Amino acid sequence: MKQISVRQCGVLIVMCIFANKILLMPSLMYEQAKADSIFVLIVLFLLDLLLLPIFIKLKTTYPDKKLYDVLKDKLGVIITKIIYILMLLFFFFKCLLVFSITYVYFKQQIYQNEFIFIAFISFLPVINHAVVTGVRAFSRTIEMFYGIVLAGFIACLVISLFTPISNPVFFTSNGKMFFESLYNHVFSFGDFIFLFLIMDKIQIKKGQEKHLYTYSIIGMLLVITLFYLFYAKYQVTSFMHNNALADLLVFSVQFNAIGRLDIIAMITIMLITLFQMEIFNYAFCDCFLNIFPLLSKTYSVVVFDIIFAVLYYIFIGKYEIMVSSTMFWLPYLAIFINYILPIILLIIILLKRRRKHEKKTNKSNV
Amino acid sequence: MKKRPIKVMFKMPMVIVFIFILIFFTPLAIYSPGENRNRGVVTAIGIDKADEQYEISLLTFIPTANQTYKEQNAVISGKGQSVAEAIYNAQIAMGRTIGLAHAKTTVVNEELLNEDVSVVVNYLSRVASLPENTVFVCTNKTAKEMLESSQELTSHLGLKLEQVIGYNAKHLYVTDTSLEAFYKGYYSKTKASLIGYLTLEEATEQEKEKSSVSGMNESSQGGGQSEAQGGGQGGNSGEKKHILNQGQAVLLKDGKKVALLSIEELNGINLLNTKSKDQIISIDNVEHNGNKLSMQYKIKNKKTLITTEFENGYPIYVAQLILGVELVEVSGMDDSLKINTEFSEVTEEVARKIEEEIKKQYTASIKILRENNADVIGVTKKFFIEHRKEFTKFVEQLDGIDDFLNYVTFKLNTIVQPD
């Protein structure tokens, strides 16, 4: 079987960590919890980080099994299918959200009114192709571009240091604001869930687990730094700037003279979006094929494209509706996928271990 | 048997995707008209309010091929009951869709500042994509006249409006004078901000004549400025005016103008701002060899140490200011006095007099800020950050946070030394 290395897996994690957090989220969070949003972010990241040991344990317990098979063995086909339907929705809406936010960003930057058709044509064939060729092919592509993406991201952060910044004012929000923000933005997290889906395709040798932690921490630190610099730069007007990573460059008075320096942010965001959509589209198709095992990969891709285009065009894809949905009803879905599902998996691991232990003790007694 | 390379290529899905993209985009790129035919690039925007009507003036850059290095600029305007309507009318007059993403300057007239100006600019930055780093200035006449005069400034001196005000932003204002800086003040707890102020003055008869001759010359060269008429209101208002930069600024509270600050008042406000240097301090009646002289010193260096505390429940703002000064001019010059930066001595009398002058400026500026409840120097924020509990308790006893500045005791210790 074609498997991906730990490095490729780490690169996928970093891309998932960047998803939906580097453009609109800092400003949305500021509106609710002010600069304390950084603490909300840290709490959500820590909760995410707890999923990593669960994933590693699950992978060691079932080294070659698919998540679907693990769940089917323990919970039965129907419950597994329901879980997969929920995961399918989770990844579909994540993909839609990534696309919506980036589309609005490019609409502002490229100076056009509507170019949704061109955006579909530019993105969908490429991500479809990535899905059809498989996780190994697109993770190798992402691995190739990883350096460029990281360099672009860090360049945006570093350039912002050349403009006046001052420490954000912390501890201005109350507990209610804090927890509301925590709940409202939970949908943009759960970045490690994708790893559970492709657990049979990841090759982790002994001692390589720590690399996954390294990649995760790098991704998380970069996002936290982005939030910090963004709030340090804009302070009370943070809620007005919807494209955090790009806005760190755009409003640098010193760099305005150089011209469109924001092209760095544009290229970085474009690549990140493309890779994130590939990951989420792959996750959607994987869930789809497990729900309908008789259908082919191509069929799942076509279904994705049709639902994606129709939903975007008719209803949910409208930016404001999409963003408000992620804050009001999608968090229910996210709480199940991000936290309840890993707890179920943890219980499965513990039960398996117990059985193993019981078998061992029985053998020794005999 | 070997497979043909073309056949192999077509078996690769990425090639098909690539060809598909090429087929879709190539005709689109070839047949779509140039962007400049549909879109007008606005480099500055002016907003006026008169007789309950808004007038939006747009300084547009029209990209056309010519053999000179001159830009083809025009001021086009539109009127309407709302900003949206005025922009719509200006757009019709221009015959192009307006793009504000390149607007470097936003000018408003004084009348507009009688109401909350954020309502107007908020629409432009949120809906019409006016960038927040645009320079935001006010003028005594109409914004439209300011834009028209700025064209002359650019064509004769190569100086743009944002460059003129840029010096003030760097040396005079507490922050820069961008729309972003305005918003930062507006959305802060004290809701106070500063924006730049440029005046327009009528030209003398002689200058008007001279200008009409040079104007004729320019048009004969074929690369001169164009004076477009938009919606029946645009074009040159006929009167030639000069842009004067006197280093003034408008103090805004809740987005409304509360005071027009002179350069001296701004210097007082900026006294503790280490970025603001090169101010001239004049002192009179300095005794030297039995003569009374007037001396001008330039602030070359500035160091500050600011501490805040609550003493007996009352806020105290203590600033330690170390000034490095240089003697630059002496009136009533004495032969024995050499103006040399390296050897100019700051006597006890000079230091005392400079200190007195500095304190006078500082007191006057604090008085203005107190009178207008407009804390643009961040005193309230500093207390909030450093003594949050005491600050919150203290403000609860007041009518509001605006009142806080009136209860702060300011202490200024100055050390004057030669730079």
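Biologist: What makes strand E12 (residues 314-331) and E13 of chain B a parallel pair?

Modeller: In this predicted model, E12(B) and E13(B) pair in the parallel sense over 10 bridges. Two strands count as paired at two bridges or more, so E12(B) and E13(B) qualify.

Biologist: Which residue of E13(B) is the bridge partner of B:Ile322?

Modeller: B:Ile415.

Biologist: Why are strands E10 (280-288) and E13 (409-418) of chain B placed at the edges?

Modeller: The open sheet has four strands in the order E10-E11-E12-E13 (chain B), with mixed pairing. E10(B) and E13(B) each have a single partner strand, so one side of each lacks a neighbour in the sheet. From one strand to the next, the twist averages 35°.

Biologist: Why is B:Asp51 called exposed?

Modeller: B:Asp51 has 7 other C-beta atoms within 10 Å. The cut-off for exposed is 12 or fewer, so B:Asp51 is exposed. B:Asp51 sits in the loop between strands E1 (39-50) and E2 (53-61) of chain B. Its phi is positive, about 50°, although B:Asp51 is not a glycine.

Biologist: What makes B:Asp254 partly exposed?

Modeller: B:Asp254 has 17 C-beta neighbours inside 10 Å. Exposed needs 12 or fewer and buried needs 20 or more, so B:Asp254 falls in between. B:Asp254 lies in the loop between strands E8 (241-253) and E9 (256-261) of chain B. B:Asp254 also has a positive phi, about 55°, without being a glycine.

Note on methods
Residues numbered from 1 in each chain as written. Chains lettered and ligands numbered in written order. Predicted model: local features only at pLDDT ≥ 70, side-chain atom pairs only at ≥ 80, totals over all residues. Axes fitted to C-alpha atoms, helices over the stretch in contact; angles between N-to-C directions.
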